[in-house]
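Visitor: I have a structure open and would like to learn how to read it. Could you walk me through some features, one by one?

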Amino acid sequence: MKCVQVTAPGQLTHADATEPAPPDPGHAVVRIDTVGICGTDVKILSGAIPVSYPRIMGHEMVGVVEAAAETGPPRGSRVLIDPAIVCGTCDLCRKGRGNLCRNGGLLGRDADGVFAEYAAVPAHRLLEVPDSVSATAAGLLQVLGTCVHAQRSTPVFVGDVAVVLGLGVSGLLFTQMLRGAGATVIGVTRSEWKQELARQLGAVAVAAPREAGSLVRELTGGRGADLVVEAVGTEATLAQAIELASVGGEVTVFGTLTGGGSGLPYYQLYFKELTLRNPRAATVDDYARGIELAASGALDLEAIVTDRFGLPEAVAAFERVRSADSLKVLMSVA
């Protein structure tokens with residue numbers, strides 16, 4: 001089968017690999033249709049996230065069951081693969097928190113992933129996707145599931161003022177979900193075209209980072225935001241999230257922060273008695289809810305897709321991901 005492998009840091013190859021066979025009756029073979037490129041994939045390619053080489057990349061997909069397992073979706077079912085690798089037996093898995101599995105991993109990082117024509121996966125990690133979700137929209141279902149997981153852990157009330165820092169793919173998904181939950185959403189980004197898209201998707205106001213503080217104070221009477229979603233992944237944006245939050249507010253740290261820096265406004269954390277939430281990945285239930293939202297038409301997912309390539313064009317697709325004027329980049333496998 002054709003696949004995309006990373007063979008060394010910075011080295012991406014469109015290659016041939018052995019078609020996977022199910023190792024046991026509990027596994028199904030899925031024919032991949034569409035895959036999405038994630039920031040994790042970019043870091044794997046660069047070498048910032050180490051993997052064993054060669055590694056078939058990718059963990060965002062939609063496809064069709066080619067060979068069904070003993071249980072689970074039948075042959076011909078359109079499915080999403082939950083890309084988590086879980087043991088099912090550790091204390092966190094037994095508590096329903098497989099996203100935090102102590103022995104877990106991720107397809108495309110810790111095992112061969114979905115940038116390929118076929119993948120063999122446990123049938124219990126498959127979720128059926130209705131035909132009402134377009135092929136383009138389906139390419140965002142995995143990242144949508146992670147956003148659903150983050151928002152599920154955070155109380156949102158009608159009339160709350162919510163700030164979304166960073167209007168990339170996840171930030172624009174949060175903008176729509178928070179709007180749907182009844183919040184007044186303020187989007188923050190330097191990009192003018194992303195500001196305009198956020199308005200189209202439900203933000204009542206947008207601002208560049210340097211203007212965000214005054215805008216939030218104006219719209220809240222100086223109170224601050226009830227909820228701030230940090231969707232960038234830098235210490236500077238987390239510090240700004242803390243500053244923008246109201247006393248008693250909530251901050252969802254969705255962007256992945258690594259390494260140290262100059263420090264955070266720790267006194268404000270104390271003075272405001274803020275709650276910081278650090279959601280990680282998603283559960284099967286989160287993906288199921290994301291599919292429901294997509295099928296209902298409550299979210300505009302296609303608006304977030306800027307580019308679509310074929311799998312043989314993976315090098316160009318990864319270059320496009322790095323462009324400031326791109327959002328979600330998909331690749332067609334079939």
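Guide: Let's start with a loop. This is a predicted model, and in it Pro-73 lies in the loop between strand E5 (60-67) and strand E6 (78-81).

Visitor: Is Pro-73 buried or exposed?

Guide: Pro-73 has 10% relative accessibility, so it counts as buried; the cut-off is under 20%.

Visitor: Which residues does Pro-73 touch, leaving out those up to four places away in sequence?

Guide: Val-65, Ala-68, Val-79, Ala-123, Leu-126 and Glu-128.

Visitor: On to sheets. In what order do the strands of the six-stranded sheet come?

Guide: The order is E13-E12-E11-E14-E15-E16, the sheet is open, and the pairing is parallel. Strand E13 (205-207) and strand E16 (275-277) are at the edges with a single partner strand each, so one side of each has no neighbour in the sheet. From one strand to the next, the twist averages 20 degrees.

Visitor: How many bridges join E11 and E14?

Guide: Four, in the parallel sense. To find the place on screen, look for Val-164, which stands opposite Val-229 in E14. On to the next pair: E14 and strand E15 (residues 245-253) are parallel too, over five bridges, and there Ala-225 stands opposite Ala-245 in E15. E15 and E16 then pair in the parallel sense over three bridges, with Thr-252 opposite Arg-277 in E16.

Visitor: What packs on the sheet next to E15?

Guide: Helix H8 (residues 235-244) does, touching E11, E14 and E15, and its direction makes about 150 degrees with that of E15. Helix H7 (residues 209-220) lies across E11, strand E12 (184-188), E13 and E14, and runs at about 150 degrees to E13.

Visitor: How much of E14 is covered?

Guide: E14 is mostly covered, with six of its six residues buried.

Visitor: What about the sheet with three strands?

Guide: That one is open as well, in the order E2-E1-E4, with antiparallel pairing. Its edges are strand E2 (11-16) and strand E4 (55-56); each has a single partner strand, so one side of each is left without a neighbour in the sheet. Strand E1 (residues 2-8) pairs with E2 over six bridges in the antiparallel sense, and the bridge partner of Cys-3 in E2 is Ala-15.

Visitor: How should I think about a core?

Guide: In soluble globular proteins, nonpolar side chains tend to be buried together. Here the largest nonpolar core has 46 residues, and Leu-141, Phe-174, Leu-178 and Leu-301 have the most contacts inside it. Several elements supply at least two residues each, among them helix H4 (141-152), strand E11 (161-165), helix H5 (169-180), strand E14 (225-230) and helix H10 (284-296). There is also a second, separate core of 42 residues, which includes Ala-15, Ile-32, Ala-69 and Met-331.

Visitor: What is Leu-141 in contact with, beyond its neighbours within four places in sequence?

Guide: Its contacts are Leu-80, Val-129, Val-133, Tyr-287, Gly-290, Ile-291, Ala-294 and Leu-301.

Visitor: How do I describe two helices that pack together?

Guide: Two packed helices are described by the angle between their axes and the distance between the axes. H4 and H10 pack at about 110 degrees with their axes 8 Å apart, and they are therefore roughly perpendicular to each other. Among the residues making the contact are Leu-141, Leu-144, Gly-145 and Val-148 of H4 and Tyr-287, Gly-290, Ile-291 and Ala-294 of H10.

Visitor: Last one: how many disulfides are there?

Guide: A disulfide is a covalent bond between the sulfur atoms of two cysteines. The test is whether the sulfur atoms lie within 2.5 Å, and the count here comes to zero.

Definitions and conventions: Residues numbered from 1 in each chain as written. Predicted model: local features only at pLDDT ≥ 70, side-chain atom pairs only at ≥ 80, totals over all residues. Heavy atoms only, no water. Core = buried A, V, L, I, M, F, W, Y, C linked by side-chain atoms within 4.5 Å. Buried < 20%, exposed > 50% of the residue type's maximum accessible area, 1.4 Å probe, protein only. Contact = heavy atoms within 4.5 Å. Pairing = 2+ DSSP bridges. Axes fitted to C-alpha atoms, helices over the stretch in contact; angles between N-to-C directions. Parallel < 35°, antiparallel > 145°, perpendicular 65-115°, else oblique.
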